Amino acid sequence: MKNLFLSKRSELEKVYPFIQSLPLPIRSLLEGGIASFMERRQKKQLIPDRVTVLLTDQCNLECPHCFISNEEHPRNWEMGLSEYEKFFKSSMGQIGQLVVSGGEPLLKEDFVNIIQLAEKKGGVKSILLCTNGVLPENLNKKMEELLKTTSIVFRIQTSIDGSEDIHDQNRGGKGSYRKVFESLALMKNLATKFPGRIGALHVNTTLSQLNINNVEQIVDDVKSFGFTQTFGFVRSPKEHIFNLDDQSLISDYNPVSFNEFLTVEDMEMALEKINQNLWLEYPNKLIYAVNRLTLYSIKEMVKTGKPATSCRSGRSELIIMPNGEVAKCEMLKGFANLKDFNWNLPELLSSKVCRDFFEASSKCFCTHECSVALNIMYDSSLLGLLFSSEIDLKTDQRFNGSSKQLSTHS
Ligand code: SF4
Ligand code: SF4
């Protein structure tokens with residue numbers, strides 16, 4: 001059975017307010033039950049619930065903080081249709097959510113055919129497509145074809161770096177910001193034309209010194225366009241992995257011209273502003289609750305030097321690079337290549353090289369928001385916070401001392 005947290009996210013969004021309204025003892029039972037079920041289920045399953053395929057290294061932009069646009073990063077041979085066919089077939093229909101990213105995934109030759117193969121050979125029913133959003137016509141054409149020829153439910157994520165001028169300056173020049181919203185507007189039309197097939201449309205913003213003083217404006221701007229917004233804190237594998245003995249396991253993908261990391265005080269200020277301007281307005285929206293808990297956990301991790309929860313990367317998620325290399329997460333180096341296992345994922349995951357790498361990286365914790373967010377469903381205490389009301393969050397001892405940042409209404 002696929003992971004319902006990932007494959008049925010739209011349905012969960014609908015039942016979230018009901019879960020929040022349950023009496024505390026029932027919620028506690030639910031949290032404990034879900035976490036232990038998820039843990040047991042994961043131990044039995046070889047294929048991770050979430051698999052991210054970085055389809056290509058190519059991109060039409062050259063963002064200064066991106067490893068892809070780094071000239072020193074070599075262009076590699078990339079997997080094609082026959083390799084993806086074998087790979088998806090080997091996943092035995094167990095992938096709960098496929099994340100499709102890049103580079104800019106829309107630039108991948110055979111983009112549409114690869115997604116069709118994901119459904120046909122891999123049984124994939126839920127896809128999160130991460131695009132920079134500046135190719136609206138390309139996105140619209142390919143999405144329409146996919147909506148007509150598959151039954152996959154899509155979530156679409158684009159990025160905004162800040163206010164219009166900051167974004168344009170950072171991402172391809174004037175007009176780039178407007179194109180992101182043009183893309184989302186086109187997707188909104190498709191969502192109407194194909195009901196139930198586009199589960200979420202949202203804009204993600206990575207907070208850094210570049211935009212930290214603009215948080216309120218960014219929130220207001222995105223709200224005025226009528227889209228959902230999530231946030232991350234800028235990070236680098238070199239700076240933001242803790243408790244890893246073997247530093248040679250860390251990814252080389254570090255930003256070369258970007259040193260805009262946030263202090264704990266910056267993070268607290270940002271959380272307060274997002275809370276006041278966005279999250280408190282939508283207390284029953286699951287996507288905001290997950291983002292808030294994730295960022296709050298990261299801030300506490302940086303502040304206290306202690307992990308928010310155990311990381312299940314490798315077992316719960318996996319990254320497939322364009323050349324077939326497989327990584328446990330975006331923060332660590334690839335540890336094996338699918339081509340050495342005839343593009344068969346279970347064979348690679350059962351290998352000694354995989355076991356050794358997982359063992360060597362079994363105790364680390366880091367500020368990678370995707371992994372922190374994914375780990376919530378395996379942790380009854382974090383689920384408790386996710387399902388609770390604002391008032392419960394306020395009194396939670398885990399975040400004692402700074403919880404006012406998240407809980408200012410009564
Ligand atoms: S759009 Fe994304 S992949 Fe392309 S250069 Fe910018 S951050 Fe990198
Ligand atoms: S995502 Fe998990 S495995 Fe990867 S660096 Fe972070 S804590 Fe370690």
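Ala, Val, Leu, Ile, Met, Phe, Trp, Tyr, Cys and Pro count as nonpolar, Asp, Glu, Lys and Arg as charged, and the others, Gly among them, as polar. This is a predicted model, in which local features need pLDDT of at least 70, side-chain atom pairs count only at pLDDT 80 or more, and totals for chains, interfaces and linings use all residues. Residues are numbered from 1 along each chain as its sequence is written, while chains are lettered from A and ligands numbered from 1 in the order in which they are written.

Select ligand 2. Around ligand 2 are 13 residues, of which Cys311, Cys329, Met331, Cys364 and Cys366 come nearest (a residue is near if its C-beta atom, placed from the backbone, lies within 6 Å). This shell has 8 nonpolar, 4 polar and 1 charged residues.

Next, select strand E8, residues 317–320 (strands, E, are DSSP runs of at least two residues, and helices, H or I, of at least four, numbered from the N terminus). Glu317 and Ile319 point one way, Leu318 and Ile320 the other, and all are buried (20 or more other C-beta atoms within 10 Å of their own, placed from the backbone).

On to strand E9, residues 325–327: E9 is antiparallel to E8, with 2 bridges. Ile320 has Val326 as its bridge partner. In the hairpin of E8 and E9, with 4 residues between the strands, Gly324 takes a positive phi near 95°.

Conventions. A residue is buried if 20 or more other C-beta atoms lie within 10 Å of its own, exposed if 12 or fewer, and partly exposed in between; C-beta atoms are placed from the backbone. Two strands pair if DSSP finds at least two bridges between them.
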